Amino acid sequence: MSAQPADQQVDDTSLDAEITALIEDLVDEHEGFERAALRALARSYLLLLTESDRLKVDADRSCSRGFLRGLFSDGARPVAVDDEP
């Protein structure tokens, strides 16, 4: 027996349902043109990647190297190699 009446619909809060709803909203926002919706999504994604890279560089410059020991942004600083035994 169910705890809810048969006519009451259960909201799906899974990640897949949320993504599906966002996609539907994006297509509706672009008046049903899927190609325009995908273009807007790709543009936003590329801008987000660019901003993320910029923030990493800014954060790397503003933090103490001694505090972070060069581990904040992997690959941003050359690894010091000591040849002495």
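**Helix packing and surface features of the predicted chain**

Ala-37 is placed in helix H2, helices being DSSP runs of H or I with at least four residues, and strands runs of E with at least two, numbered from the N terminus. The model is a predicted one, in which local features need pLDDT of at least 70 and side-chain atom pairs count only at pLDDT 80 or more, whereas totals for chains, interfaces and linings use all residues. Residues are numbered from 1 along each chain as its sequence is written, and side-chain values use heavy atoms, with hydrogens and water left out.

With a relative accessible area of 3%, Ala-37 is buried; this term denotes under 20% relative accessible area, exposed denotes over 50%, and partly exposed the range in between, with a 1.4 Å probe and protein chains only. When neighbours within four places in sequence are left aside, Ala-37 is in contact with Leu-26, Val-27 and His-30, contact being defined as heavy atoms within 4.5 Å. Between Ala-37 and Ile-23 the C-alpha to C-alpha distance is 8.5 Å, at a separation of 14 residues in sequence.

Ile-23 itself lies in helix H1, and together with Leu-15 and Ile-19 it makes a nonpolar surface patch of about 300 Å². Such patches are made of residues with over 30% relative accessible area and no salt bridge, like charges being joined within 9 Å and nonpolar side chains (Val, Leu, Ile, Met, Phe, Trp, Tyr) within 5 Å; accessible areas come from the Shrake-Rupley method with a 1.4 Å probe, and for residues only the protein chains shown count as cover. Helix H1 has 15 residues and reaches 21 Å from its first C-alpha to its last, close to the expected 21 Å, the expected span being 1.5 Å times one less than the number of residues.

Just after H1, Glu-31 takes a positive phi of about 55 degrees, although Glu-31 is not a glycine. Most residues other than glycine have a negative phi. Glu-31 is found in the loop between helix H1 (15-29) and helix H2 (34-62), and is exposed, with a relative accessible area of 68%.

A search of the whole structure finds 1 salt bridge, defined as a side-chain nitrogen of Lys or Arg within 4 Å of a carboxyl oxygen of Asp or Glu. The side chains of Arg-54 and Glu-51 meet in this salt bridge at 2.5 Å, N to O, and both residues lie in helix H2, 3 residues apart, about one turn of the helix. Arg-54 is partly exposed, with a relative accessible area of 40%, and Glu-51 is likewise partly exposed, at 34%.

Over the chain, the secondary structure comes to 3 helices and 0 strands. Of the 85 residues, 9% count as buried, and the accessible surface comes to about 8100 Å², of which 56% belongs to carbon and sulfur atoms. The mean pLDDT (the predictor's confidence in each residue, from 0 to 100) is 76, and 55% of the residues reach 70 or more. Where pLDDT is low, the predicted coordinates should not be read in detail.
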